[in-house]
Amino acid sequence: MRYSKLFGKTIKEAPKDEVAANAKLLLRGGFIDKLMAGSYTLLHLGRRVEQKIEQIIREEMNTTGAQEVLMPLLHPKEIWNETGRWDSAREVMYQFKKNDKEYALSFTHEEIVMDLVRKHISSYKDLPVKIYHFSTKFRDEKRVKSGILRGREFLMKDLYSVHVSEEDMTKYYQEVIEAYKRIFKRMELDAILTQAAGGVFTKGSTHEFQVIVDSGEDEIVYCPGGDFSANAEVSSVKEGKQCDLGHGPLKKAKAIEVGNIFPLGTYYSEKMKALFTDHSGQKKPAWFASYGIGLTRAVGAIVEVHHDDKGIVWPESVAPYSVHLIEIRNPKSEIRNSADEVYARLQKEGIEVLYDDREDISAGEKFADADLIGIPIRLVVSEKTQDKIEWKKRNEQKTQLLSVDAIVKRF
RNA sequence: CGGGGAUUGGCGCAGUGGUAGCGCGCACGGUUCGGGACCGUGAGGCCGGCAGUUCAAAUCUGCCAUCCCCGACCA
C-alpha cells in the first residue's frame, strides 16, 4: 500500500479530551475514526489489525473442531421472550418497534443458537455442535469509555457449543480454554484465566481472560505464580493472603477483560426446547456453553500494552503491515536507488508493505509517522543507504544495512 | 442515572460586551532534504443549539445537546 494513496492520515495532536492511550494513538495513527461516543469506524489500518486478530482466532477455533457461520443481527422479540431476556436484559438491549412488530439488535446469540439447534438437531448422533461467528454486537452501555475498549457497537467472536452431557461440555470447555490461551499468546496479550460472575448470561460462575493494565476497568485478585485469579466482584479472597504455590501474597490489579467463557448448562435448552434423543430413546435437554472474544477490544488492549511515547509497537502477528518502507529523496544526489523497485520486489515476494512514497515530506516526519503507526520493521531507502536498505525494528534502536535479497530472506 | 470538566476553522489553542485571531494542517509558488525544515501568497469559522438581557453578545442569564473523566451498572 502506498501511503500517499491510503485513506486516513496521521495527525499530530490527539483530540484533547481523549485520555485512553488506545484512543489517542489509534486516532492519531489513522486506525479509527469516532462517529459518536462508543461508535467507531475501523479505517483501513485498523481493519487490517482486526482482520489479523480475526484470522488468529479463526485458526484456533477451527483447531477445536468448531465451524464458522454468520448469524443475523436483527432479532424478533418472540425469540427473546422464550428465555425471558427481552425483559431481563432490557437494559443492555437495543429494542425498537417498526410496523407493529418489535425487534432487537443483537447483543449476543444464545437464543439464536438454541433456535438453530432445535431445528437442526434430533439425535445424540448430531452432537456435539460447535459453531462460531464474527459479528457486531450492540449493547446499550450506561457509560462508554476508554476509546474502543467499551463501545456500544463492537466486533466480537462468539462460539457456542452444544453437548449431550455435562462431561462432554466440560471437556470441550477445557479445550476452548487452551485455544484461548494460544490465541492471546499469539497476539502477545498476557491474559490471565480469571473466575468471574455471569451477568445477564448465567447465574453460575464463569471465566474471563484478563490482561493486567492500569487503564483496565476491571479489578482482579490474583497470584503472580498463576495458580489463582478472580475478578474482584466475585472474590471473597483478600488481597495479601498467601498463594498456594508459595509465590507470595495475592495481588490486586486493574485489568481488561478480553475474553470470557460461560458454561451455561441446560438452562437455555430447557427454556427453548433444544432437545435431543439419547441412546435409550429419551428426550433430553442439550448442554450448552458460550465463549466470547472482543475483537475491537483486543485491538485496543494490544495498544494499551504495546506502545511507547512515540506511538504503537504492534506485535508482528497483528501488525497492519509487516514492513514500513520509507523513501528519503535527495534531489541533488547522483545516487538514485529506487524505493519503487524495492517496493515492487517485496510485494512480489508476498511481503505486506506500507510504502511511504510521499514527496516533499521531510525525513523526520516520515520517521515520526512510522513510529506512530508502529509497524514492526522499518526499511529506509536513501542516499545514505547506497545500494543497500536500512533495516530497523520498531522496538530497537540499532539499524543494519542489508541487500534486498537479504531482507527477503528474513521473511 | 449522579458528580466534575469541556465545546471558537480539520486538530490544538487565544480572545470578560463593540461584530474573531494564532500555531499545526490544507492549496499555490520558491528554497531545503536522515528525526515532525523555511519564506511568501491564499482558502477555510452564522464562535455547539434555542431563547433571553442589551443600542450592541464568542463574551452576561436560562434551557437543551454533544464529548471526556469519576462513580453506579455492565461482557
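Over the ring of which residue does the charged end of K9 sit? The charged end of K9 sits over the ring of Y3, at 4.9 Å from the ring centre; a charge is taken to sit over a ring if NZ of Lys or CZ of Arg is within 6 Å of the ring centre and within 35 degrees of the ring normal. R48 likewise lies over the face of Y321, 3.9 Å from the centre of that ring.

The structure is a predicted model, in which local features need pLDDT of at least 70 and side-chain atom pairs count only at pLDDT 80 or more, whereas totals for chains, interfaces and linings use all residues. Residues are numbered from 1 along each chain as its sequence is written, chains are lettered from A and ligands numbered from 1 in the order in which they are written, and side-chain values use heavy atoms, with hydrogens and water left out.

Chain A contains eleven helices and 23 strands, where helices (H or I, at least four residues) and strands (E, at least two) are DSSP runs numbered from the N terminus. The C-alpha trace of chain A spans about 85 × 60 × 45 Å along its principal axes. Of its 411 residues, 51% count as buried; buried means under 20% relative accessible area, exposed over 50%, and partly exposed in between, with a 1.4 Å probe and protein chains only. The accessible surface of chain A amounts to about 19900 Å², and carbon and sulfur atoms contribute 49% of it; these areas come from the Shrake-Rupley method with a 1.4 Å probe, and for residues only the protein chains shown count as cover. Among the contacts in chain A with a separation of 6 or more, 68% are between residues 24 or more positions apart, a contact being defined by heavy atoms within 4.5 Å.

K34 has Y40 in β2 as its bridge partner. The hairpin of β1 and β2 has two residues between the strands, and G38 takes a positive phi near 85° in this hairpin.

The antiparallel pairing of β5 with β6 (residues 101–105) extends over five bridges, and K97 stands opposite E102 in β6.

Strand β21 (residues 377–381) is largely enclosed by the rest of the structure, because five of its five residues are buried. I377, L379 and V381 point one way from β21, while R378 and V380 point the other way. In a regular strand the side chains alternate between the two faces of the sheet. Strand β19 (residues 323–327) pairs with β21 in the parallel sense over five bridges, and E327 has V381 in β21 as its bridge partner. With strand β22 (residues 389–393), β21 pairs in the antiparallel sense over four bridges; here R378 stands opposite K392 in β22.

Helix α8 (residues 295–305) is also largely enclosed by the rest of the structure, because ten of its eleven residues are buried. The buried residues of α8 include R297 and E304.

The structure holds 14 aromatic pairs; rings of Phe, Tyr and Trp (its six-membered ring) pair if their centres lie within 6.5 Å, and planes under 30 degrees apart count as stacked, over 60 as edge-to-face and the rest as tilted. Y160 and F288 form a stacked pair, with 6.2 Å from centre to centre and 20° between the planes. This pair links distant parts of the chain, since Y160 lies in strand β8 (residues 153–163) and F288 in strand β16 (residues 287–294), 128 residues apart. Both Y160 and F288 are buried. The pair of Y173 and Y291 is tilted, because the ring centres are 6.0 Å apart and the planes stand at 45°. Y173 belongs to helix α6 (residues 166–186) and Y291 to strand β16, 118 residues apart. Y173 is buried with a relative accessible area of 5%, and Y291 counts as buried at 1% relative accessibility. Ring pairs also link Y160, Y267, Y268 and F288 into a cluster.

Technical notes:
Two strands pair if DSSP finds at least two bridges between them.
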